[in-house]
Amino acid sequence: MLHLHALSYDSIRYRHFVLSKIKLFNIVTNRVRTRFFVVGMDSNAATMHGTTKQLKYGAKDIISQIHDSILGHILSFLPTMEAVQTSVLSTRWIDVWTSITNLKLNDGVLICSGKKMQKEQYEYFVNTMLLHLANLSIQSFSLCLTCFHYESSQVSAWISSILERGVQRLEIQYANKIFFPSHTLFSCNSLVQLVLQMRCTLSVPIFACLPNLQTLGLSGIKLVSDHESSTYSKDLVLSFPILKVFEAKGCEWSTKQNLCIQVPLLERFSIAMWNSLSNESCKSSIKIFSPHLTDFSYKGDLEQEIILLNTLLIRTASVVIVIDEDRKESMRRLGFQVHKLLTQICEVEQLKLLLYKVLVHAADIFTHLPVFGKLTYLLLNEVTGEALLNLLHNSPMLNTLILQNGVFDLNEDMLTSASVPQCFLSSLKVFQFKGFNVHEHELLLAKFVMANATVLERMTLSTAFWLQYSDIDMEKVKEQILSFPKRSSFVMIEFSHVNGS
């Protein structure tokens with residue numbers, strides 16, 4: 001039995017607090033009453049206009065007669081702290097909370113006095129609560145630890161206890177480093193959803209399979225190999241047969257072997273990783289086998305190679321690359337890595353391609369581009385005139401082009417000698433230029449688009465913020481742009497500031 005007096009609550013105030021929380025509990029139980037119990041009707045109830053009859057429940061405590069398993073299910077809709085507090089209602093309710101199947105623990109939750117528990121109180125509460133749970137199987141467990149620093153062994157013990165109960169949905173948020181029970185995790189076949197936002201190290205075995213996992217979210221995790229031998233070369237395999245969503249942010253992939261992720265039903269893959277922030281050199285690659293993948297997102301420095309296998313169905317892709325300019329040895333292979341990644345997603349229909357400090361060191365990235373035969377939407381940030389023209393020539397079906405932060409290294413000779421891209425003649429309908437600085441080469445690009453885009457319907461120029469405080473006469477600039485020759489007879493030219501006004 002969980003002795004609540006050990007938590008040093010004021011008993012009278014605590015009882016009033018709990019009774020107020022039971023109002024929420026009663027709302028949840030309304031549906032249960034109508035399904036499982038027959039209630040009495042007061043025959044003397046007043047009738048209003050002959051149409052409304054008032055139901056009145058008898059003095060008998062009907063809710064307390066509900067089976068513990070049903071009450072436990074109802075209490076699972078409450079935060080776990082509040083569910084446990086129902087034990088003070090009567091002797092009948094002392095152990096009802098032990099049947100809950102959804103646990104929501106947060107050390108920042110206020111208790112009845114309006115204060116948070118002390119660290120020792122909270123540890124005692126969680127330890128005792130886990131010890132007295134009657135259910136051998138837990139549907140969901142959410143643990144949010146943001147107020148105190150706990151011993152690594154303590155948090156690991158809590159996680160292991162839940163994993164051993166066959167939890168289906170596990171979500172943990174904790175900022176401090178802990179030793180994570182990796183073996184227990186990869187042995188928990190019941191997992192359907194796993195979200196880890198914490199600083200810990202996961203030891204990846206040679207082969208691991210979570211057969212029921214459908215959603216995986218990792219943040220701040222460091223993955224290492226069970227086999228530390230540098231001579232061991234076999235790929236590590238993570239198999240998730242029915243996984244639909246994979247998201248990893250700020251994770252460090254430090255396995256000496258290549259990591260192969262087998263996800264045949266995966267639909268969305270998102271990864272953000274900067275290995276240049278680590279002092280360790282990483283030469284391994286991450287292979288993703290996913291024939292049903294439709295949404296791909298990558299943010300990082302490409303220090304670690306991403307290999308997409310059998311991913312011809314990708315329709316939406318986002319590639320954001322930020323490099324560390326101090327790593328000179330990485331610059332030499334950067335262009336090849338970007339080109340290889342773009343080649344793997346060349347069947348995409350919508351592409352966001354944001355490169356930061358990349359083209360300064362790897363201007364040859366867009367020299368030998370694959371053809372994006374299905375691409376209809378393209379968003380770019382830092383791009384040279386040559387790179388832009390190459391992309392346009394290799395995107396024959398492009399419908400929408402958005403330039404974020406403009407274009408550089410573009411001159412009149414380059415545009416004069418350039419052939420008109422196919423998309424200008426048949427498909428380009430929307431052109432947006434964000435961060436328009438009214439530089440000469442930007443005006444040349446606007447003129448080139450207007451003079452050659454046959455089916456263009458809308459061109460939007462969003463001027464840079466600083467222009468509001470400059471001496472440039474924007475009305476004259478607008479008149480100049482509007483005077484440019486237009487190939488499309490129904491194009492609409494719009495001007496706006498970056499804030500949308």
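**Notes on the predicted model**

1. Cys-188 has a relative accessibility of 4%, so it counts as buried, the cut-off being under 20%. Cys-260, at 11%, is classed as buried because it falls under that cut-off too. Please bear in mind that this is a predicted model.

2. How many disulfides does a search of the whole structure find? The count is zero. A disulfide would be a covalent bond between the sulfur atoms of two cysteines.

3. The largest nonpolar core holds 137 residues. Those with the most contacts inside it are Phe-180, Leu-191, Met-198, Trp-253, Phe-296, Leu-401 and Ile-481. Helix α11 gives the most to this core, contributing seven residues.

4. Leu-191 has contacts beyond its sequence neighbours: leaving out residues up to four places away, it touches Leu-163, Val-167, Gln-168, Leu-170, Leu-185, Leu-210, Asn-212 and Leu-213.

5. Helix α12 spans residues 474–482, and Met-474, Val-477 and Ile-481 are buried in it. Viewed down the helix axis, the buried residues of α12 fall within an arc of 55°, so they line one face. As a general point, an α-helix has 3.6 residues a turn, so residues three or four places apart point the same way. On the other side of α12, Lys-476 and Glu-479 are exposed.

6. What do the buried residues of α12 pack against? Their partners are the strands β21 (430–436), β22 (458–463) and β23 (492–497), together with helix α11 (440–452).

7. The N-terminal end of α12 is capped by Asp-473. One of its side-chain oxygens lies 3.1 Å from the backbone nitrogen of Glu-475.

Definitions and conventions. Residues are numbered from 1 along each chain as its sequence is written. This is a predicted model: local features need pLDDT of at least 70, side-chain atom pairs count only at pLDDT 80 or more; totals for chains, interfaces and linings use all residues. Side-chain values use heavy atoms; hydrogens and water are left out. Buried means under 20% relative accessible area, exposed over 50%, partly exposed in between (1.4 Å probe, protein chains only). Helices (H or I, at least four residues) and strands (E, at least two) are DSSP runs, numbered from the N terminus. The arc is that of the directions from the helix axis to the C-beta atoms. Contact means heavy atoms within 4.5 Å. A polar contact is a pair of N or O atoms within 3.5 Å; within protein, one must be able to donate a hydrogen and the other to accept it, and residues adjacent in sequence count only if both atoms are side-chain atoms. A disulfide is a pair of cysteine sulfur atoms within 2.5 Å. A nonpolar core is a set of buried Ala, Val, Leu, Ile, Met, Phe, Trp, Tyr and Cys residues joined through side-chain atoms within 4.5 Å.
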